[in-house]
Amino acid sequence: MNFFERQAAARRNSFRLVLLFVLAVAGIVLAVDLAAWLVFADDESSPGEVGAMLVFCSVLTLGIIGLGSLYRVATLRGGGESVALQMGGVAVPERSNDFNLRRLRNVVEEIAIASGVPMPKLYVLEHEAAINAFAAGYSPSDAVVAVTRGALDRLNRDELQGVIAHEFSHILNGDMRLNIRLIGVLFGILMLAIVGRKVLELGRGRDKNAGAVLVAALIAMVVGYIGLFFGRLIKAGVSRSRERLADASAVQFTRQTTGLAGALKKIGGIDEGSRLRHRAEAEEVSHMLFGDGVGLTSWFATHPPLIERIAALEPGFNGDQLARLRQQWHAVAPNGLEEDAHLGLTERGTPPPLPPAGAEQAVSPTAVAAQVAHPGADDYRRADTIAANIPDDLRALVAQREAVVAVLLALLLDTQAVVADKQADEIAARLGKSVAVEVRALHLQSMAMLHPALRLPLASLAFPVLRLRPRPELNVFLDTVNAIVYADGSVSLFEYCLARLLTVHVRESLDPSRYARYGHRKISDVRREIGTLLAVVAQFGNAEADAARKAYLAGMQRVMPDQALPYLPRSNGVLALDDVWVPLDALEPLAKEVLVEAIAATISHDGGITVAESELLRTICSTLHCPLPPVLGVS
C-alpha cells in the first residue's frame, strides 16, 4: 500500500476501533444489567422497579466508562509530549556534549528531511537499560520520538537508524493518533473495574448494611476486568499487524536489513531485552513501543515473536543463532559507539554537492504521488547531503530558542528591497526594531544566497525549538508571519506557501488533538478550490498566458477529466489561496493522491522541474499533510 491507501486504511481502522469500543461498552452494560437483575431483582419487585434499576445501572456504567475515557484522552491533549513525559522521558537538548545524543539527533534529522516531515521532538528514557523506542502524537506537527538509554548505548548507528526509521513509519502511516485513542478507550473500560475495586477496598468491614453496595462494586470490578480482557485482545491484534508493516517500511526506507535486524537481535541477546522497568506505564503504551515492553505472549502480545521479526529480515535465522548471540553478549555486552568506530560510521564524509538551483529534471506525476511519505534509499542519501550542506552558523541559530524566530522570518523576506522594507516594518511593529534588524541582516548575509533545496529542511530543523516558546509568543509569531506575507501583493508563491506551512504546523502543535482527524470530502465537493490552486500554480510557473492555460489543463485532466473548469487567472495571485487550504486538506486520502498528481502535472507541464519548483511542490504537499521526500520520481 502507498501512503494514501495506508491513510485510508487508518481511517477505516479508527472507525472499526470506535465500533468495537461501542460493542464492548454495550456488552459491558448488558453484563452489568444482567448481573444486577439476577442479584437484586426478586419476586416482590415490580416491573417498574426492575426497569428503573436497570436504567440506573446502565447510565452509571456508561457514565463511568465515558468519563474515564474522556479524562484519559484529556490528559493526552498535549499530544506526543504528554506521553513522553508520563513515561519519564527527558527532552534531548539541541546541543549536547553527549555523543550518543548528538548521534541520535543526526539520525533523526536525516530521516525527517528524507521523509519530508517536521523534525520531531526528541526524548530519552534515561533510566531504562532495555532497548526500546516509541513515536507518539496526533500528527507529524506534534510528534515525539523517544528512545531508551539502553538503545543509545547498545545500538550502532545503522541499528539506531533502523529503529528510528521504524518509528517514522508509524508517524507517516497515521498510527500515532490511533495509538492515543487506544489508550483512552482501554482506560475507560478499566475505569469501571478500578471504581468497583476501590469501593470494595473502602467499604470492607465498615458498614454491615452496605452489602448491596459491595455486591454492586464486585459486579462492576469483575465485568470491568472481563471487558479489559477483550479490550487488550483487540489492542494486541491491531498492534501486531502494524508492527509488521513498520518493520517492512523501515527496510524499504533504509534499503538495508542489517540495521533493523541487528537491533532486534540485541533485544533478544542482552539480559535487559526490551522490557521496561515500570510495568503499569509500559503496559498502557505497549502498542506504541518498538519492542515488547511488558513480556506478554500469545493472544496478548502486541508484537510478533522476535524470531519471526528477525527471520522476515534475514530468512533462515533461528533460535539457535540467537542463543549463541545471547551467550556472546552475556560475556561482553555490546557497545554501539565501539561498533561504530570499528565500522567507520562515526564520521560523516565530505557530502556531494547539491544540484544547481536552475537544474531541471523530468518527473512523472504518478511517481511523485507514489513517493508521498514513501522515502527510499536515494531520499536518505540526499537527506544526508542536505543536512551536511546546511551552513553551520544557521544550524547553530535554529538550535537557539531566542534566535529561531528571526531565522524563520528571514526565510520569508522578499528579494525586492522595497517589499523587504515593508516586511521589516511589520516585524518591528510586533516584535521590536532589534528583531527586525536581525532578520534583515540574516536575510542579506545568509538567506538570499541559501540554496533552494535547503530552505524547507532548515525550517524543519527549527520547528522543535520554535515549539518551546510560550503560546502567547507563538501567536504573535503567527501574526507576524501573516503580516509580512500580506505586506505587499508582490510575494512569491513559495514564500506564501512556506508561511502557510509554518502556520499549520504551529497551530497543530499548540492544539494537537483539535486537528487530529481524517478527511472525508470528495473531489466533487471542492471543484472550485482545486481550480483556484491549479490556476495560481500555473500562473506563477508560466510567464505567458497560453502556457499557463495549458499547464492548468494538464493538471485538470488528472483530477477532473470530465468536469474541467475553464482557466481563469486570479487577479489577486497567491492571496486567492487563502480560502482553499482548509477544504482541500479535508479531502479523503485517495482523493488527495489524485490532487498531488494534478499539482505535479501542472508544475512540470513545460517538460522539467527545477529545484525551486520541486521545493514549491513539497511545500504545497506538506501543507496538505502529504509529506514529499526530496528526490522526485523521474518519468
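In which order do the strands of the open sheet stand, and what kind of pairing do they have? The order is β1-β2-β4-β3, four strands with mixed pairing. The views below start with the whole chain and then come back to that sheet.

This is a predicted model, where local features need pLDDT of at least 70 and side-chain atom pairs count only at pLDDT 80 or more, while totals for chains, interfaces and linings use all residues. Residues are numbered from 1 along each chain as its sequence is written, and side-chain values use heavy atoms, with hydrogens and water left out.

**View 1. The whole chain, for orientation.** The chain holds 27 helices and six strands; helices (H or I, at least four residues) and strands (E, at least two) are DSSP runs, numbered from the N terminus. Its C-alpha trace spans about 90 × 65 × 50 Å along the principal axes. Of the 635 residues, 55% count as buried; here buried means under 20% relative accessible area, exposed over 50%, and partly exposed in between, with a 1.4 Å probe and protein chains only. Take the contacts (heavy atoms within 4.5 Å) between residues at least 6 apart in sequence: 79% of them join residues at least 24 apart.

View 2. Strand β2 covers residues 121–125, and five of its five residues are buried, so the rest of the structure largely encloses it. K121, Y123 and L125 point one way, L122 and V124 the other. Strands count as paired if DSSP finds at least two bridges between them. β1 (residues 90–91) runs antiparallel to β2, joined by two bridges, and V90 has V124 as its bridge partner. With β4 (residues 144–148), β2 pairs in the parallel sense over five bridges; there, K121 stands opposite V144.

**View 3. Strand β3 and the sheet edges.** The open sheet runs β1-β2-β4-β3. Both β1 and β3 (133–136) are edge strands with a single partner strand each, so one side of each has no neighbour in the sheet. Four bridges tie β3 to β4 in an antiparallel fashion, with F134 opposite A146 and A135 opposite V145. A133 and A135 point one way from β3, F134 and A136 the other way, and all are buried.

**View 4. S139, in the loop between β3 and β4.** With 7% relative accessibility, S139 counts as buried. Not counting residues up to four places away in sequence, S139 touches M176 and E508.

**View 5. M119, in the loop between α4 (99–115) and β2.** M119 is buried, with a relative accessible area of 1%. Leaving aside neighbours within four places in sequence, its contacts include R105, V108, E109 and A112, plus S460, L461, P464 and R467.

**View 6. Helix α17, mostly covered.** In α17 (residues 404–412), nine of nine residues are buried, among them V404, A406 and L412. They pack against α16 (392–398), α18 (417–431), α19 (433–445), α20 (452–466), α21 (471–485) and α22 (493–510).

**View 7. H625, in the segment after α27 (611–623).** Most residues other than glycine have a negative phi. H625 is not a glycine, yet its phi is positive, about 60°. This residue counts as partly exposed, at 24% relative accessibility.
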